[in-house]
Amino acid sequence: MPFFRLLCLLLFEQKRRPKTVGRLVLKLAVIGDVHSAFDQRDVDYFNRSDYDAVLCVGDLPGLRHSRAYDVAKMMSRVERPFFLIPGNHDATTLNQLLAELGGVGPLMTLGGRSQPERVGRLSDAIGKGRVVGYSWHDLGDDIGLIAARPHAMGKTLSFRTYLSQAFGVTSMKESAECLIRVIQACPHRRLVFLAHNGPTGLGGSPTDIWGCDFKADGGDWGDPDLEEAIHWARADGRDVLCVLAGHMHQQTKQGKRRNWRVQADGIWYVNAARVPRIFKQDGQRMHHHIVVTWDGIETRVEENLVSLN
């Protein structure tokens, strides 16, 4: 090979590689299902941190769904780039959620009609933070954040009235197609997926990462539209660094510990839903989140328990 051509190839490969290979290219904090467990101590901690962004998988309130806006206002004080994908408790009402769980059509429709206003209120409350869903966002260094279907509850398409109004999505097939269009629009080769509930395909026992723990026969409680979108991204030549979600709490209904991270086909799948995320341990007040780092070569995923007394 002529020397000049070899030199050009070497320069081209160098340009394609991350600028900081061997050092941290990306460092993310991932907050699991909150359920009111987020306070000023968290704000101060994240503002002192060196995270490139803070990602939240949703479910801000407990049973009082109106508390979601108070938690979002607290999160608005975080000065790092902040992304929230709404869960099934966010910008919804308890009656609406019960109707969705029970399949009560008229109440599902009634609750869904006013949901866009509540989503707008949530977005206003979180300030400079972003309420995301069916969207892509720039994380820098040729890394894109793909926000999946918002308000997911697992396995079926929930909150259909709202999804139809806001995104034109009325079926799981249309949801997968919408996610694929988002990936197509994203210019980045490397992707991080953010969802409330994880994808299908990772097991159906109660202790599997998104396995069902509230039915006697168990089952895979992941979302098929998300699995299809991830497969499409890989077939398109994208490098999926990780898939971040929650919803299915790490403590199962049987009192066992759920597998919270799984590596499959080179992708880290992470369930960040450690509930409660703030708890006492040996007299210390511990705050939980997940740390995801990428050094240009390898993705690493670790739990982080921080004493914030």
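Visitor: How many bridges join strand β11 to strand β12?

Guide: This is a predicted model, in which local features need pLDDT of at least 70, side-chain atom pairs count only at pLDDT 80 or more, and totals for chains, interfaces and linings use all residues. Residues are numbered from 1 along each chain as its sequence is written, and side-chain values use heavy atoms, with hydrogens and water left out. Helices (H or I, at least four residues) and strands (E, at least two) are DSSP runs, numbered from the N terminus, and two strands pair if DSSP finds at least two bridges between them. Strands β11 (residues 278-281) and β12 (residues 284-294) run antiparallel, and the number of bridges joining them is four.

Visitor: What is the strand order of the open sheet of six strands?

Guide: The edge strands are β5 (135-140) and β9 (261-264), each of which pairs on one side only. The pairing in this sheet is mixed, and the order is β5-β6-β7-β8-β10-β9.

Visitor: Which residue in β8 is the bridge partner of Leu194?

Guide: Strand β7 (residues 190-197) runs parallel to strand β8 (residues 239-246), and six bridges join them. In β8, the partner of Leu194 is Leu244.

Visitor: At what angle to β7 does helix α9 run?

Guide: Axes are lines fitted to C-alpha atoms, for helices over the stretch in contact (heavy atoms within 4.5 Å). Angles run from 0 to 180 degrees between N-to-C directions. Helix α9 (residues 224-235) lies across β7, β8 and β10 (267-271), and its angle to β7 is about 175°.

Visitor: Which helix gives the most to the lining of the largest pocket?

Guide: On a 1 Å grid over the protein atoms alone, a pocket is an open set of points where a 1.4 Å probe fits, with protein on both sides within 12 Å along at least five of seven lines; lining residues have an atom within 4 Å of a point. Of the 30 lining residues, the closest to the centre are Asn88, Leu101, Met153, Phe214 and His247. With five residues, the helix that gives the most is α4 (residues 94-102).

Visitor: Which strand gives the most to the lining of the second largest pocket?

Guide: This pocket is lined by 17 residues, with Asp239, Val240, Leu241, Gly266 and Thr299 nearest its centre. The elements that give two or more residues are β8 and β10. With three residues, the strand that gives the most is β8.
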